[in-house]
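Please read them with the model open.

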Amino acid sequence: MMGDYVIYLNDKCVITACDNMAFVKKLPCIADLMADAECGCPYGGAKEAYILDFQDRQKVLRVIEMLWEDLPFPKSRRK
C-alpha cells in the first residue's frame with residue numbers, strides 16, 4: 001500500500017508524501033547530497049527513504065533534479 005500522496009515530475013514519481021513529510025528513494029545519485037538527512041519509512045512495509053527538509057530550498061531543487069535525471073520513465077501498460 002502506498003502513502004498518502006505521490007508527486008510526479010514529467011511522468012516520473014519523484015516524491016512520496018506521508019504524514020506531513022516528503023520522502024525520496026535512497027539512490028546512489030543523491031547519496032552524497034543527502035548524507036546528513038534523516039531517514040524513515042513512508043508507510044508500513046516500505047523501504048527506508050530519505051526525508052526531504054524543505055528549509056533548504058536549493059538542496060531540495062537539486063535533489064529533485066538529480067532524481068529526475070536518474071529515474072526511468074514508467075513502462076507503458078498494454079491494454
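1. D11 is exposed, with a relative accessible area of 57%; exposed means over 50%, buried under 20%, and partly exposed in between, with a 1.4 Å probe and protein chains only. D11 sits in the loop between β1 and β2. Its phi is positive, about 75°, although D11 is not a glycine. N10 belongs to the loop between β1 (5-9) and β2 and is likewise not a glycine, with a positive phi near 50°. N10 is exposed, at a relative accessible area of 53%.

2. On sources: this is a predicted model, in which local features need pLDDT of at least 70 and side-chain atom pairs count only at pLDDT 80 or more, while totals for chains, interfaces and linings use all residues. Residues are numbered from 1 along each chain as its sequence is written, and side-chain values use heavy atoms, with hydrogens and water left out.

3. Helices (H or I, at least four residues) and strands (E, at least two) are DSSP runs, numbered from the N terminus.

4. Along the principal axes, the C-alpha atoms fill a box of roughly 45 × 30 × 20 Å. Of the 79 residues, 33% are buried. Among contacts (heavy atoms within 4.5 Å) with a separation of 6 or more, 48% join residues 24 or more positions apart.

5. K12 is placed in strand β2 (residues 12-18).

6. A polar atom of the K12 side chain does lie 2.7 Å from the backbone oxygen of W68. Apart from neighbours within four places in sequence, K12 is in contact with I7, W68, L71, P72 and F73.

7. The whole structure contains zero disulfides, a disulfide being a pair of cysteine sulfur atoms within 2.5 Å. C18 is in none, and the nearest cysteine sulfur, that of C13, is 10 Å away. C18 counts as buried, at 3% relative accessibility.

8. The sulfur of C29 is too far for a bond with the closest cysteine sulfur, in C13, because the two are 14 Å apart. C29 counts as partly exposed, at 24% relative accessibility, and is found in the loop between β3 (21-25) and β4 (39-40).

9. Which residues does C29 contact, leaving aside its neighbours within four places in sequence? They are M66, L67 and D70. C29 and M66 are 37 residues apart in sequence, with their C-alpha atoms 6.8 Å apart in space.

Notes:
Polar contact = N/O pair within 3.5 Å; in protein donor to acceptor, adjacent residues only side chain to side chain.
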